[in-house]
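Please keep the sequence and the coordinates at hand while reading.

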Amino acid sequence: MKRMIIATKNKGKVAEFQQLLTKKGIEVLSLLDYNDIPDVEETGTTFAENAILKATTIANMLHETVIADDSGLIVDALDGEPGVYSARYAGEGKNDQANIEKVFKKLQGVPFEQRTARFHCTLAIAKPNGDVTTVDGVCEGYITEKPIGENGFGYDPIFFVPEKQRTMAQLTKEEKNEISHRAKALQHLLYTWDKLFEKGNES
Ligand SMILES: O=P(O)(O)OP(=O)(O)OP(=O)(O)OC[C@H]1O[C@@H](n2cnc3c(O)ncnc32)[C@H](O)[C@@H]1O
Ligand SMILES: [Mg+2]
């Protein structure tokens, strides 16, 4: 079976990649399947820089082709915040609840029609020889005034998707994967999929 390593420790991301790739006959592994992989410091100032950093570091460490995902929420009324700092918006430690509260606080008094936002995902695919490519995907929506829904992860409960008339956290994994930034970026990667498997990734 073909397999692909996703260079992430985020369970929410892993579940989405699994749903998208398993149906294509590709087994998904992540850094949760390995012991002792250190966190790669995300020192970049763009999604692409961080995705490349994560993908190349892990590809080099594991001697395998890997995909890394750097993503985040861009809120127009906050001049693009939290952006690349989405995971640590309220401080180091990746507290989804605290991050959401910070967004709400900063958006206090901003009417719904001005609460436009988008999720952005950059995927970097890196080979052990140093080759690396990136693709992007975006999903447009609005920030709600309270969290709604239990599914997904991160900012999903506060992201209203007009197309579905529900928040991202009210969607099933399948529904999220029809419209998400991550699914769209992965679709772009799949165009070059055959090339990725020319050598080295069959198991
Ligand atoms: O770096 P890795 O190990 O992949 O995991 P991470 O959680 O740190 O991931 P990022 O550095 O890419 O930070 C992205 C943050 O943006 C948010 N985010 C990204 N995609 C999201 C999605 O589909 N739904 C909700 N929030 C999302 C979420 O808070 C993530 O922690
Ligand atoms: Mg991260």
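**The ligand shell and the sheet behind it**

Ligand 1 is surrounded by 22 residues, the closest being T8, N10, S86, A87 and G154; a residue is near a molecule or strand if its C-beta atom, placed from the backbone, lies within 6 Å of it. The model is predicted, so local features need pLDDT of at least 70 and side-chain atom pairs count only at pLDDT 80 or more, while totals for chains, interfaces and linings use all residues. Residues are numbered from 1 along each chain as its sequence is written, and chains are lettered from A and ligands numbered from 1 in the order in which they are written.

By residue class, the shell around ligand 1 holds six nonpolar, eight polar and eight charged residues. Here Ala, Val, Leu, Ile, Met, Phe, Trp, Tyr, Cys and Pro count as nonpolar, Asp, Glu, Lys and Arg as charged, and the others, Gly among them, as polar. Strand 3 (residues 66-75) supplies five residues, the largest share of this shell. Helices (H or I, at least four residues) and strands (E, at least two) are DSSP runs, numbered from the N terminus.

Two strands pair if DSSP finds at least two bridges between them. Strand 3 and strand 4 are paired in the antiparallel sense over 10 bridges, and G72 has H120 in strand 4 as its bridge partner.

**The annotated positions**

Strand 3 also contains D70, which an unreviewed UniProt entry marks with the feature "active site". UniProt positions are given in the numbering used here, feature names are shortened, and annotations may be inferred rather than shown by experiment. Is D70 buried or exposed? D70 counts as buried because it has 26 C-beta neighbours inside 10 Å; the cut-offs are 20 or more other C-beta atoms within 10 Å of its own for a buried residue, 12 or fewer for an exposed one, and partly exposed in between, with C-beta atoms placed from the backbone. Not counting residues up to four places away in sequence, D70 touches F47, N50, A51, K54 and T122, where contact requires that the C-beta atoms of two residues, placed from the backbone, lie within 7 Å.

The annotation "binding site", again from an unreviewed UniProt entry, covers E41 and D70. These two span 30 residues in sequence, yet no two of their C-alpha atoms are more than 12.1 Å apart, so they gather at one spot. E41 is located in the loop between strand 2 and helix 2 and, with 10 C-beta neighbours inside 10 Å, counts as exposed.

**Helix 2**

Helix 2 (residues 47-62) has 16 residues, which at 1.5 Å a residue should span 22 Å; its end C-alpha atoms are 22 Å apart, in agreement with this value. The expected span is 1.5 Å times one less than the number of residues. Among the buried residues of helix 2 are F47, N50, A51 and K54. The buried residues of this helix pack against strand 3, strand 4 (116-126) and strand 5 (132-143). After helix 2 comes H63, with a positive phi near 55 degrees.

**Loops and backbone features**

A cis peptide bond, with omega about -5 degrees, joins E81 and P82. G83 counts as partly exposed because it has 17 C-beta neighbours inside 10 Å. Apart from its neighbours within four places in sequence, G83 is in contact with G72 and I74. G83 and T45 are 38 residues apart in sequence, with their C-alpha atoms 9.4 Å apart in space.

For D36, phi is near 65 degrees; D36 lies in the loop between strand 2 and helix 2 and counts as exposed, with 4 C-beta neighbours inside 10 Å. Q165 has a positive phi of about 55 degrees and is placed in the loop between strand 6 (159-161) and strand 7.
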